[in-house]
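Keep the sequence and the model open while reading.

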Amino acid sequence: MVAKFAGIGETLEKRSDNAITAVTGYFLLASGTILLTSNGTNHATMWPADALILALLLKNDRASWPAVLMAGWMANLLANAVTRDWAPGLIVYGGINMGQTLLAAVLICRTGRCDNLLADIGTVLRFVLYAGVIAPLLGALAGTLATALIFGEPVLSSFVRWYISNALGFLILTPFLMALFDGSYVRCFKERTPASRLEVIGLHALHIALTGTVFAQNVVPMLFLPVSTALILAFRLGRLGVIVGTLAIAIIGAAATYMGHGPVSLVRGGVEVQEFVFQFYIAVVLATTLPVAATVSSRAEALKNLAEREEALRLMMAHSPDGILSFDATGVCRWADGPLAAYLGVDAGAMIGKPLDALALRAPGLASRIIERKDALSDTPTIFEFSPVLRPHLTLEASLAAPQQNGSAVGTVVTLRDVTKRKAKEVAMRSKVHGDDLTGLLNRAGFRKKLRTALLDEGRPATLALVDVDCFRSINETYGHGVGDTVLAEIAKRLQAATRADDIVARMGGDEFAILLRCDLETAMRVCQRMVEAVRETSVVNDGVVSVLASISCGIAAYGGNMERDDVFDAADAALQEAKRRGRGGVRVAA
């Protein structure tokens, strides 16, 4: 509850401050303008007071608008009453001024940004349309009628003076006051370096001095010079610089013109014509500088956003496990980031500016894929795995994408990810699927897969051996299944020890084993005989309590080019059965 009342009090205080600013500022601007640029009955040449009200409306929520508008109306009435001959109709002026200001504020807030009137070209055009055309145009119609009725002023000249003075007042002073209210000038100056602050002061001093020099003489009409320095302010300092620069031209030029000095005084036709020429000149200055300021402002904002995104991306990449490389169409690395030193053995910064040859030394497969991919127009990335030359223990996954511009590839972006652990898990899972838990050998599915691949290599001889443990059921019945499992594990070790590195040994199930021997039948016969002897010569279990002797029978068959896989299995199995019939513990070759 306390917080709620505190919030209400803060809101009321803010509205009170806005109202005081509106009354005080409006009265001073309005009365000063009338005294300097009006004869007491006609409209002022330039009317900046309404710009103060518009700036306050645009910078505050709509709940504050009634107080600001009422304060402006009161100040308008007071300024007119003090500076003009009193007439009851003066009260109408305030209503017209506040009406056109309210209309401008509503239109601006409804159709776009109202916090920065020079944010971009679109925002500037809307600001000029609503505050420089529509609102003052409607206000001029009403104001001209009121002036004709109150003071009997000519309609045409009255309309032109009202419209131009209010339009210029809105366009020149509103952006300045908004930046002043939100602290943009102070904040911008504080954020600059000492050298940059000196540049700001120097450029504004140069602009003011040049403008003052131009308007202090009426010999040479050098009105283009202030515009040139205003453009320099726009390019160097952005919207804040051009706002101040344009305001300086308006103030210095107006003061000089009304005092009969400056290039505008060279114009023939009297004071009214000179005032119109000066108004036209200020309009040209605005038409020249505002678009430039908007362009510079939008570009600066875009660059700021880009820098923020790049910094965010840099931080992400610095803490990301992924490495990234970007190559242009010629194969030169334009950007690199991430843990490339850990992946490729080269620092990210050292890769920038280097051709693909530098990458080929560390990852030749990756470099060749980039060359293949660089002209591709497909949106689908190319994904593959490789091991770098300097980090052979790693498995990296590379994703290659080709950015496109105008329908053609403009380079290649490479993303690298360490998948070493994932690959190890995949290998372990495959080993588990195709492995035998008891012996560590391949199981039936794993052996058949290996056999299918091996038999495709017709350039090497292949012989299949099928092995059974003799009388294995009696071992289980006599000693138990635990000892039986130990027997199978020991026999598996002896079979592997008796074979060569490129031979494939598997447990097919129960007490059955299969061996693919990459040799001819005669050599396979000797290897199998060695296996039989290795099992038979010593106990397969001997733990001091139990001693178990075992033997194996083996049938072998050579694989011929015209045989199917099942054919060689059938032949080896027939030879195995023959070995068992002949007394076990021996080797038989398929007929």
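How many bridges join strand β3 to strand β4? Five bridges join β3 (residues 382–386) to β4 (residues 396–401), and the two strands run antiparallel.

## Basis of the report

This is a predicted model: local features need pLDDT of at least 70, side-chain atom pairs count only at pLDDT 80 or more, and totals for chains, interfaces and linings use all residues. Residues are numbered from 1 along each chain as its sequence is written, and side-chain values use heavy atoms, with hydrogens and water left out.

Two strands count as paired if DSSP finds at least two bridges between them. Leucine 400 has valine 414 of β7 as its bridge partner.

Strands here are DSSP runs of E with at least two residues; helices are runs of H or I with at least four; both are numbered from the N terminus.

β8 covers residues 463–469, and seven of its seven residues are buried. Buried means under 20% relative accessible area, exposed means over 50%, and partly exposed lies in between (1.4 Å probe, protein chains only). Thr463, Ala465, Val467 and Val469 point one way from β8. Leu464, Leu466 and Asp468 point the other way, and they too are buried.

β8 has antiparallel pairings with two strands. With β10 (residues 512–517) it forms six bridges. Leucine 464 has leucine 516 of β10 as its bridge partner. With β13 (residues 552–558), β8 forms seven bridges. There, valine 467 is partnered by cysteine 554.

## Two nonpolar cores

A nonpolar core is a set of buried Ala, Val, Leu, Ile, Met, Phe, Trp, Tyr and Cys residues joined through side-chain atoms within 4.5 Å. The largest one has 70 residues. Tyr26, Ile53, Ile172, Phe215, Phe278, Tyr281 and Ile282 touch the most other members. Contact means heavy atoms within 4.5 Å. Leaving aside neighbours within four places in sequence, tyrosine 281 is in contact with Phe215, Leu223, Pro226, Val227 and Ile249.

A second, separate core has 33 residues. Its members include Ala465, Val505, Ile515 and Leu517.

Helix α2 (residues 49–59) is largely enclosed by the rest of the structure, because ten of its eleven residues are buried. The buried set is Ala49, Asp50, Ala51, Leu52, Ile53, Leu54, Ala55, Leu56, Leu57 and Leu58.

Helix α10 (residues 239–258) is also largely enclosed, because 15 of its 20 residues are buried. Its end C-alpha atoms are 28 Å apart, which agrees with the 28 Å that its 20 residues should span at 1.5 Å a residue. The expected span is 1.5 Å times one less than the number of residues. Glycine 260 follows α10, and its phi is positive, near 85°.

Most residues other than glycine have a negative phi. Cysteine 471 has a positive phi, near 50°. It lies in the loop between β8 and α18 (472–479), and it is partly exposed at 46% relative accessible area. Arginine 584 also has a positive phi, near 65°. Its loop runs between α21 (565–581) and β14 (587–589). At 43% relative accessibility, arginine 584 is partly exposed.

Aspartate 347 sits in the loop between α12 (340–344) and α13 (348–351). It is exposed, with a relative accessible area of 52%. Aspartate 347 and alanine 230 are 117 residues apart in sequence and 47 Å apart in space, C-alpha to C-alpha.

## The whole chain

The chain holds 21 helices and 14 strands. Its radius of gyration is 47 Å, well over the 25 Å that the globule rule gives for 591 residues, so the chain is more spread out than a compact globule. That radius is taken over C-alpha atoms, and the rule is 2.2 Å times the number of residues to the power 0.38. The C-alpha trace spans about 140 × 65 × 45 Å along its principal axes.

Buried residues make up 45% of the 591 residues. Among contacts between residues at least 6 apart in sequence, 65% join residues at least 24 apart. The chain exposes about 29200 Å², with carbon and sulfur atoms supplying 62% of it. Accessible areas come from the Shrake-Rupley method with a 1.4 Å probe; for residues, only the protein chains shown count as cover.
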